[in-house]
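Keep the 3D view open as you read.

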Protein chains: 2
Amino acid sequence: MKLAILFGGTSYEHEISIVSAITLKKVLEGETPLFIFLDFKHEFYLIPSNGMIASHFSSGEYKKEKKLNLIHGGFEYKGLFLKKLFADLRIVNLIHGATGEDGTIFSMLEFNNIKTISPRREASILSYNKGLTKMYANSIGVKVLDYEIISRADRKIKKIAYPLIVKPLNLGSSIGVSVVKEHKDLEYALDVAFGYDNEAIIEPFIEGVRELNLAGTFTNRLQISTIEEPKKGAILDFDAKYLDFGREGSAKSADISKDLRKQMIEAFEKIYIPHFKGSLIRCDFFIINDEVYLNEINSIPGSLANYLFDNFVEILKNIYLPEMKKISPSYKYINKIQKAK
Amino acid sequence: MKLAILFGGTSYEHEISIVSAITLKKVLEGETPLFIFLDFKHEFYLIPSNGMIASHFSSGEYKKEKKLNLIHGGFEYKGLFLKKLFADLRIVNLIHGATGEDGTIFSMLEFNNIKTISPRREASILSYNKGLTKMYANSIGVKVLDYEIISRADRKIKKIAYPLIVKPLNLGSSIGVSVVKEHKDLEYALDVAFGYDNEAIIEPFIEGVRELNLAGTFTNRLQISTIEEPKKGAILDFDAKYLDFGREGSAKSADISKDLRKQMIEAFEKIYIPHFKGSLIRCDFFIINDEVYLNEINSIPGSLANYLFDNFVEILKNIYLPEMKKISPSYKYINKIQKAK
């Protein structure tokens with residue numbers, strides 16, 4: 001079983017994904033994973049370890065690398081005389097945003113019977129669309145802030161009061177997000193959000209609200225990370241968040257009460273089981289009056305939130321991957337049907 | 001633009017899909033669509049029109065047909081000397097159940113930039129998992145019956161009283177569904193459901209409840225089908241439902257009040273817009289005290305519910321297909337990041 005980091009993809013978070021992969025290369029030193037890059041033309045490339053630097057991608061130099069074909073059981077490249085197959089892989093889906101976090105690439109890998117650490121289709125949809133995240137949280141009894149969804153065609157906000165926050169409905173990494181303190185700034189914020197998506201989600205903006213992040217996954221049991229209180233201000237600062245995708249090392253554990261810790265872990269478990277099995281996710285929470293509110297689910301967090309775990313590599317190698325049920329054809333009905341004869 | 005019917009897939013509904021495709025062949029007479037079969041080994045085959053009969057598949061004879069490769073922009077086959085590309089397709093995703101209705105095949109076709117009539121990823125997940133369908137209906141204000149979800153590990157029913165109905169959580173076409181009138185029959189019904197899925201959904205069974213079905217899609221406007229009251233008893237009878245997948249001709253319009261009709265269309269519109277754009281779906285409703293309750297969403301109904309439309313072929317050709325936003329790389333951030341250099 002060989003680890004392979006799949007990154008890139010055709011989304012606004014393409015560059016973030018490259019930074020994430022470069023970071024994981026450092027974190028996984030000694031494991032010598034494969035690096036598979038998906039470019040904007042939807043071509044896969046095998047990137048050698050020394051090609052894992054920013055300029056290799058921004059310059060287009062990566063196009064000189066071996067082009068890979070996705071086939072049943074793995075990836076292969078074809079030269080004039082030789083053909084090399086990479087099989088028995090354990091892919092780490094590190095494509096942030098569209099293609100990666102919306103279920104596309106997972107579907108393609110699963111169809112080709114390739115083991116993948118990734119949110120599955122349901123998990124993808126429930127975290128990728130922020131409206132569905134709210135719906136999901138409500139249905140499992142996890143608190144969320146009030147919200148409304150508006151479309152490009154109908155830019156009217158009906159119930160959320162100022163100050164508020166405007167986010168594209170289907171994007172992560174703070175891209176296209178604005179805080180709007182008064183009505184006069186609303187139009188511009190909507191223009192920004194609708195530059196990225198046809199729908200936007202509006203939530204109240206709570207100045208100075210406490211934020212706590214927690215990551216986790218399931219191996220043979222639930223694995224919960226260090227709880228971190230990220231530096232303030234980072235929430236809206238894309239450049240700062242960007243740097244976050246290059247994080248390694250160890251996060252400082254937040255100073256919180258036992259009760260809050262318990263609430264967060266309980267909320268995480270409700271969210272994670274069963275839909276998120278197979279993935280390593282980070283949940284970002286707000287704390288309001290000592291109660292936990294889900295802000296968002298990062299189904300493929302930057303650099304896989306490695307810095308929140310003491311034993312990240314060990315956990316990564318042991319994440320439980322649900323398998324698709326194998327079904328064989330019986331053709332016992334079809335021959336009975338007159339119409340089909 | 002060439003219509004192509006994609007059918008088969010690796011699910012319990014594989015045979016149903018074949019019947020559905022054979023039926024559409026008749027309905028689409030004169031259009032000469034392509035027929036592309038996906039077998040249990042995940043191989044695509046081009047089936048000639050005269051091969052569209054049950055025995056061609058059950059006998060395995062289809063394996064003598066041309067094997068197709070899915071590539072950017074279409075499907076191709078490779079002979080020793082010639083290579084033929086089928087491009088500019090308008091695929092009709094007619095794969096019922098897993099692979100088709102869970103978003104897998106749509107993701108693969110979209111990735112390869114092929115136009116497809118199909119539920120998109122969100123629509124797939126919201127209709128394929130019956131628990132998420134309930135959650136979705138609740139969130140948009142469409143009534144559903146009470147329910148609970150139980151897992152293979154915890155077979156306890158907490159709130160739904162007898163008589164009740166047990167369904168596998170992620171399957172259509174009445175497969176694995178049982179009505180349970182008293183406790184002594186529960187274990188067997190659960191065994192049946194868990195034979196198909198790890199989770200089951202439990203709902204009250206209402207003897208003699210009125211059922212009404214309505215299909216629809218979006219072309220340049222919402223298109224609503226005839227409302228039909230299906231024959232009673234069919235709900236639990238797989239063989240009867242099976243025959244339904246071979247239906248053509250014209251359905252009889254149900255005898256219902258103006259108000260009920262209005263309620264159904266309103267519920268359909270709430271369900272369909274915006275998540276289901278790109279697909280033609282059938283919603284099955286229960287009528288209780290003159291109010292409409294959503295029973296289930298068939299995101300790829302048998303033979304595409306052609307018998308519910310007066311102008312099915314015209315509508316099929318004009319279904320509006322949402323396009324993925326095209327994004328180009330800018331690489332404006334990545335070179336600023338010290339870590340990535």
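Two strands count as paired if DSSP finds at least two bridges between them. Helices (H or I, at least four residues) and strands (E, at least two) are DSSP runs, numbered from the N terminus. This is a predicted model: local features need pLDDT of at least 70, side-chain atom pairs count only at pLDDT 80 or more, and totals for chains, interfaces and linings use all residues. Residues are numbered from 1 along each chain as its sequence is written, while chains are lettered from A and ligands numbered from 1 in the order in which they are written.

Start with a pair of strands in chain B. There B:Leu164 stands opposite B:Pro204, a residue of β12(B). The strands β10 (residues 164–168) and β12 (residues 199–204) of chain B are antiparallel and share five bridges. They belong to an open sheet of four strands in chain B, with the order β9-β12-β10-β11 and antiparallel pairing. At its edges lie β9 (148–151) and β11 (178–180) of chain B, each of which pairs on one side only. From one strand to the next, the twist averages 30°. Angles here run from 0 to 180 degrees between N-to-C directions, and axes are lines fitted to C-alpha atoms, for helices over the stretch in contact. A helix also packs on this sheet: α6 (residues 186–194) of chain B touches β10, β11 and β12 of chain B. The direction of α6 makes about 25° with that of β10(B). Contact between two residues means that their C-beta atoms, placed from the backbone, lie within 7 Å.

Now look at a sheet in chain A. Four strands form an open, antiparallel sheet in the order β14-β13-β15-β16. Strands β14 (222–224) and β16 (291–298) of chain A are at the edges with a single partner strand each, so one side of each has no neighbour in the sheet. Neighbouring strands are turned by 30° against each other on average, direction ignored. Strand β13 (residues 210–218) of chain A runs antiparallel to β14(A), and three bridges join the two. In one of these strands, β14(A), A:Gln223 is the bridge partner of A:Thr217.

How is chain A divided into domains? The assignment gives domain 1 (2–117), domain 2 (124–144 + 209–318) and domain 3 (148–204). Such bounds come from an automatic or database domain assignment. The centres of domain 1 and domain 2 of chain A, taken over C-alpha atoms, are 25 Å apart. Their contact takes 18 residues from domain 1 and 20 residues from domain 2 of chain A. On the domain 1 side, helix α1 (residues 14–27) of chain A gives the most, with seven residues. That side has eight nonpolar, six polar and four charged residues. Ala, Val, Leu, Ile, Met, Phe, Trp, Tyr, Cys and Pro count as nonpolar, Asp, Glu, Lys and Arg as charged, and the others, Gly among them, as polar.

Next come two helices of chain A. The axes of α4 (residues 121–128) and α5(A) come within 5 Å and cross at roughly 105°. The two helices are therefore roughly perpendicular to each other; that class covers 65 to 115 degrees, with angles under 35 degrees roughly parallel, over 145 roughly antiparallel and the rest oblique. A:Ile125, A:Leu126 and A:Ser127 of α4(A) make the contact with A:Leu132, A:Thr133 and A:Tyr136 of α5(A). By class, four of the residues are nonpolar, two polar and none charged.

The axes of α5 (residues 130–140) of chain A and α5 (residues 130–140) of chain B come within 10 Å and cross at roughly 105°. These helices, α5(A) and α5(B), are therefore roughly perpendicular too. A:Met135, A:Tyr136 and A:Ser139 meet B:Met135, B:Tyr136 and B:Ser139.

Step back to the whole contact. It joins 45 residues of chain B with 45 residues of chain A. Helix α1(B) gives the largest share of the chain B side, six residues. The residues of that side divide into 22 nonpolar, 16 polar and seven charged.

The same surface serves both copies, as 100% of the contact residues of chain B recur in chain A.
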